[in-house]
Amino acid sequence: MKSASLATVKDCEVIFARDNTVLLSGKNPWLFRKDGTFVAKYKTVRKAYDMIFLPGNLAFLDGWLDESYHFISLDTGEILWSHQQKGRRDFTPRKFAATADGKIVYYVYSVKNILHVDQLVLSEKSCTTY
């Protein structure tokens, strides 16, 4: 994957950008610097249509098709940890929010028209569903 570039991405459905970072996502997410430098491709993350940038140059992604949450370092491109969701979720509504310090992420979603909220405490690598 050494020759990866923005031109190598053939499947892009959403783009997220902040500061020096661009994340392109379709079948799998690709992480680049804004100058086009390749950082990482996440083959284990599938259909990450939602994400939130967090303090400390971190991001949290929802892998819709792989049914997992992923906490990544935008500096190194490393997946710091993942949390397997329990079952498939409806496509909408699905929204992230985080505390100002970025230590807790909230995610609202629905399953069969019933709303749920996951509270993810990043330092504890825990997820509680309400």
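Reply: Let's begin with Arg 18, which counts as partly exposed at 26% relative accessibility. On this scale buried means under 20% relative accessible area, exposed means over 50%, and partly exposed is what falls in between (1.4 Å probe, protein chains only). The side chain of Arg 18 meets that of Asp 19 in a salt bridge, with 3.6 Å from N to O. The term salt bridge covers a side-chain nitrogen of Lys or Arg within 4 Å of a carboxyl oxygen of Asp or Glu. Asp 19 is exposed, with a relative accessible area of 61%.

Before going on, please keep in mind that this is a predicted model, in which local features need pLDDT of at least 70 and side-chain atom pairs count only at pLDDT 80 or more, while totals for chains, interfaces and linings use all residues. Residues are numbered from 1 along each chain as its sequence is written, and side-chain values use heavy atoms, with hydrogens and water left out.

The structure holds two salt bridges. In one of them, the side chains of Lys 47 and Glu 13 meet at 3.1 Å, N to O. Lys 47 belongs to the loop between strand 4 and strand 5, and Glu 13 to the segment before strand 1, so this pair ties together parts that are 34 residues apart in sequence. Lys 47 is buried at a relative accessible area of 19%, whereas Glu 13 counts as partly exposed at 44%.

Now to the strands themselves. Helices (H or I, at least four residues) and strands (E, at least two) are DSSP runs numbered from the N terminus, and two strands pair if DSSP finds at least two bridges between them. Four strands form an open sheet in the order 1-2-3-4, with antiparallel pairing. At its edges stand strand 1 (14-18) and strand 4 (38-41); each has a single partner strand, so one side of each is left without a neighbour in the sheet. Neighbouring strands here are turned by 15° against each other on average, direction ignored. For such angles, axes are lines fitted to C-alpha atoms (for helices over the stretch in contact), and angles run from 0 to 180 degrees between N-to-C directions. Within this sheet, strand 2 (residues 21-25) and strand 3 (residues 29-33) run antiparallel and are joined by five bridges. Ser 25 has Pro 29 in strand 3 as its bridge partner.

What about the aromatic rings? A search of the whole structure finds twelve aromatic pairs. Trp 30 and Phe 32 make a stacked one, at 6.3 Å centre to centre and 10° between the planes. Rings of Phe, Tyr and Trp (its six-membered ring) pair if their centres lie within 6.5 Å; planes under 30 degrees apart count as stacked, over 60 as edge-to-face, and the rest as tilted. Both partners are buried: Trp 30 has a relative accessible area of 8%, and Phe 32 has 0%.

A second open sheet of four strands has the order 5-6-7-8, again with antiparallel pairing. Strand 5 (50-54) and strand 8 (79-84) are its edge strands, each pairing on one side only. The twist from one strand to the next averages 15°. Six bridges link strand 6 (residues 58-63) with strand 7 (residues 68-73) in the antiparallel sense, and Phe 60 stands opposite Phe 71 in strand 7. Phe 60 and Phe 71 also belong to one aromatic cluster, together with Tyr 69, Trp 81, Phe 96, Tyr 107 and Tyr 109.

Further along come two hairpins. Strand 9 (residues 95-98) pairs with strand 10 (residues 104-111) in the antiparallel sense over four bridges, and Ala 98 stands opposite Val 105 in strand 10. Five residues lie between these two strands, and Gly 102 in this hairpin takes a positive phi near 75°. Strand 10 is also joined to strand 11 (residues 114-121) by eight bridges, again running antiparallel. Here Tyr 106 stands opposite Gln 119 in strand 11. The hairpin of strand 10 and strand 11 has two residues between the strands, and Lys 112 in the turn has a positive phi of about 55°.

Finally, a word on the cysteines. A disulfide is a pair of cysteine sulfur atoms within 2.5 Å, and by this rule the count is zero. Cys 12 counts as partly exposed at 37% relative accessibility, and Cys 127 as partly exposed at 22%.
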